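Welcome! Take a look at the protein below, and then we will walk through its inside, one topic at a time.

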Amino acid sequence: MINVIISGCNGKMGQVISGLIEKEPDMKVAAGFDTSGIQKNAYPVYVRPRDCREKADVIIDFSTPDSLEPLLEYALFRKIPLVIATTGHTQTQKSRMVRVSKSIPIFQSANMSIGTNLVADLISKAARILHEGFDIEIIDKHHNQKIDAPSGTALMFADSINSTLPDKYEYVYNRHSKREKRSANEIGIHSIRGGTIVGEHSVIFAGDDEIVEIKHTAMSRNIFGRGALKAARFIIGKPAGMYRMSNIINQTQEQT
């Protein structure tokens, strides 16, 4: 039996994870962490991770960036693999993750959807071919409760594109303050927030007389939950280090 701790257990994604694990015969939720301290499910909930005494094989984090430090301290002290699906971390927090990953395995992704990560691979390949003569724009759409903008996935897509280009492009967020033509070496990133949009990302390569658009639409939060469970199964037993969804995709390709 795989014992899971859910960080951010009372949030929307925390409750999705709880529901999905209930249907997994070889998984159960040992405990949850949440700043509210409210017990919504059968498992115990702790405000402070250090107060948790339940044994766990993996932690899945869908909380907030503010919860990262106590979570890393707990995972490091208990030597528990950690799946981080929270977005909006600062560069300092990301560096802290890397340092902790030298002692425990950490799986981190701005988006836990397998489909989204395949899109990231597709757009990096497209950018290698289309970056000359094509302008690149990214649009992310989410519900009106999402805090960070642009989304972590939009930034992941931009980074995926930039990693393949011979010259690094500048990220330009909206253009309301710039009254000038766009430069050739920029990636425009735009955010839309409204209603109950789960998540939609479009990457546009606009050239002379033609447009190539690669798009991913999330119809339900379950896709992120299923991806997180896949990541949890993957990381258990792995040596210390930083892992990404690309590791799962590569493993799947090797097995087929």
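**A look inside**

In this predicted model, I60 touches V4, I5, I6, S7, I17, V83, A228, L229 and A232, leaving aside residues up to four places away in sequence.

**The nonpolar cores**

- The largest nonpolar core has 33 residues, and I60, V83, F107 and M112 touch the most other members.
- Two or more residues of this core come from each of β1 (2-7), α1 (12-22), β2 (27-33), β4 (58-61), α6 (222-235) and α7 (245-255).
- Helix α6 gives the largest share of this core, seven residues.
- Another core lies apart from this one; it has 22 residues, including V119, F134, A158 and I189.

**Helix α2**

- Helix α2 spans residues 68-78, and its residues L68, L71, L72, Y74 and A75 are buried.
- Viewed down the axis of α2, these buried residues fall within an arc of 165°, so they line one face of the helix.
- Among the elements that cover the buried residues of α2 are β1, β2, β4, β5 (82-84), α3 (91-100) and β6 (105-108).
- Just after α2 comes K79, with a positive phi of about 55°.

**The cysteines**

- How many disulfides are there? The count comes to zero.
- C9 is in no disulfide, and its nearest cysteine sulfur, that of C52, is 11 Å away.
- That separation is too far for a bond between C52 and C9, because a disulfide needs sulfur atoms within 2.5 Å.
- C9 is buried, with a relative accessible area of 0%, and C52 is buried with a value of 0% too.

Note on methods: Residues are numbered from 1 along each chain as its sequence is written. This is a predicted model: local features need pLDDT of at least 70, side-chain atom pairs count only at pLDDT 80 or more; totals for chains, interfaces and linings use all residues. Side-chain values use heavy atoms; hydrogens and water are left out. A nonpolar core is a set of buried Ala, Val, Leu, Ile, Met, Phe, Trp, Tyr and Cys residues joined through side-chain atoms within 4.5 Å. Buried means under 20% relative accessible area, exposed over 50%, partly exposed in between (1.4 Å probe, protein chains only). Helices (H or I, at least four residues) and strands (E, at least two) are DSSP runs, numbered from the N terminus. Contact means heavy atoms within 4.5 Å. The arc is that of the directions from the helix axis to the C-beta atoms.
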